[in-house]
Amino acid sequence: MDLHDAIEFIRPAIPEAKAESAWADLGSGSGLFTRALATLVGRGSTIHAVDRSRQKMLPSFNGNTIVFHQLDFSKDTLPFAGLDGILMANSIHFVKDKRSLLTRLRQTLRHEGRLLVIEYELEKGNEWVPYPIPYEALALLLTDSGFSEVSRIGERHSVYGSRKMYACTALNS
């Protein structure tokens, strides 16, 4: 997936950007989706890129500040709050206890803040996707965890075989 593809995949989830906002990209990796997000949010926004491994992250992109945090988002205390949104692109499948994570994430989001998840539509895990969660199961878990307006916003084939990936959003209510 290139930057253009990543932008188009998440575009439906990002409200039309007119004002600055604060987001986190949990499991940011090399920053592909961090840059896609920075392209869509309002200028002057801050994006907290979080990954367990040290990454070479640009300090800014498209007029927005990117702050890198090297930590494990599934275990460590997150050093931000009051976020307008959280992006988890291909990262929730590394978390076994998703309910506890979602409870913690709701505490970092403002009321009606948005959670955007990109995940593989898989039932059974493997070494690269140890704890997958298909869309229907994630939608139920999000609702049970206090999120509302859960919506599947897109899907695409993965570059890794015949697997599908989906994107969904939910609001912190």
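Helices here are DSSP runs of H or I with at least four residues, and strands are runs of E with at least two, numbered from the N terminus. This is a predicted model in which local features need pLDDT of at least 70 and side-chain atom pairs count only at pLDDT 80 or more, while totals for chains, interfaces and linings use all residues. Residues are numbered from 1 along each chain as its sequence is written, and side-chain values use heavy atoms, with hydrogens and water left out.

Q: In the loop between which two elements is N62 found?
A: Most residues other than glycine have a negative phi. N62 is not a glycine, yet its phi is positive, about 55 degrees. N62 is partly exposed, at a relative accessible area of 31% (buried is under 20%, exposed over 50%, partly exposed in between, with a 1.4 Å probe and protein chains only). Its loop runs between β3 (60-61) and β4 (64-70).

Q: At what relative accessibility does N90 count as partly exposed?
A: N90 is another residue other than glycine with a positive phi, near 55 degrees. It lies in the loop between β5 (83-89) and α3 (98-108). N90 counts as partly exposed because its relative accessibility is 22%.

Q: Within what arc do the buried residues of α3 fall, seen down its axis?
A: K98, L101, L102, L105 and T108 are the buried residues of α3. They line one face of the helix, because the arc (taken over the directions from the helix axis to the C-beta atoms) that holds them is 110 degrees.

Q: Which elements do the buried residues of α3 pack against?
A: Packing rests on contact, which is heavy atoms within 4.5 Å. The partners of the buried residues of α3 are β1 (22-26), β5, β6 (109-120), α4 (135-144) and β7 (147-157).

Q: Which exposed residues are carried by the face of α4 turned away from its buried side?
A: In α4 the buried residues are Y135, L138, A139, L141 and L142. They cover an arc of only 165 degrees around the axis, so they sit on the same side of α4. Their cover includes α3, β6, β7 and β8 (164-172). The face turned away from them carries the exposed residues E136, L140 and D144.

Q: Which residue with a positive phi follows α4?
A: The phi in question is near 100 degrees. The residue is G146.

Q: Which residues lie nearest the centre of the largest pocket?
A: A pocket is an open set of points on a 1 Å grid over the protein atoms alone, where a 1.4 Å probe fits, with protein on both sides within 12 Å along at least five of seven lines; lining residues have an atom within 4 Å of a point. The largest has a volume of about 630 Å³ (the space filled by probe spheres set on the points, which are joined across faces, edges and corners). α2 (32-40), β2 (46-51) and β7 each supply at least two lining residues. Of the 30 in the lining, those nearest the centre are G27, A89, N90, S91 and F94.
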